[in-house]
Amino acid sequence: VWRQPLGVALAGKRCKLRVRLSPAGQVLEAKVIESSGDSAFDYSSELAVMKASPLPMPEDESIKQQFLQFSFTFNPE
């Protein structure tokens, strides 16, 4: 559900996000923890994760616990 912000060039843009989920997969928080240096790009990344809620969750409870908080690098290229 990510949309490229108007006027933002993508070359080399990436940011790292921390995501917190409820046990049902609802996104509780999506926060940039390493900025791309472009606030519009960073914000669009956070917004995309929030709009993707709820995220699919594993059925196995022990594995599900590992998905309640995770970090990833968003790179649209």
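In what order do the three strands form the open sheet? The order is E2-E1-E3, and the pairing is antiparallel. Strands pair here if DSSP finds at least two bridges between them. Strands (E, at least two residues) and helices (H or I, at least four residues) are DSSP runs, numbered from the N terminus. E2 and E3 are the edge strands, each pairing on one side only. From one strand to the next, the twist averages 25°; axes are lines fitted to C-alpha atoms, for helices over the stretch in contact, and angles run from 0 to 180 degrees between N-to-C directions.

Before going on, the ground rules. This is a predicted model, where local features need pLDDT of at least 70, side-chain atom pairs count only at pLDDT 80 or more, and totals for chains, interfaces and linings use all residues. Residues are numbered from 1 along each chain as its sequence is written, and side-chain values use heavy atoms, with hydrogens and water left out.

Now the strand pairs. E1, residues 15-21, is joined to E2, residues 27-34, by six bridges. Val19 has Ala30 in E2 as its bridge partner. The hairpin of E1 and E2 has five residues between the strands, and Gly25 there takes a positive phi near 95°. Six bridges also join E1 to E3, again antiparallel, with Leu17 partnered by Phe72 in E3.

Next, the helix over the sheet. H1, residues 39-51, lies across E1, E2 and E3 and runs at about 155° to E2. Contact means heavy atoms within 4.5 Å.

Two residues around H2 are worth a slide. Leu68 sits in the loop between helix H2 (61-64) and strand E3 (69-74). Is Leu68 buried or exposed? Leu68 is buried, because its relative accessible area is 18%; the cut-offs are under 20% for buried and over 50% for exposed, with partly exposed in between, using a 1.4 Å probe and protein chains only. Leaving out residues up to four places away in sequence, Leu68 touches Val19, Arg20, Leu21, Ser22, Pro23 and Met57. The C-alpha atoms of Leu68 and Ser22 are 6.4 Å apart, although 46 residues separate them along the chain.

The other residue is Lys64, in helix H2. Lys64 counts as buried because its relative accessibility is 13%. Its side chain makes a polar contact with the side chain of Glu61 at 3.3 Å. A polar contact is a pair of N or O atoms within 3.5 Å; within protein, one must be able to donate a hydrogen and the other to accept it, and residues adjacent in sequence count only if both atoms are side-chain atoms.
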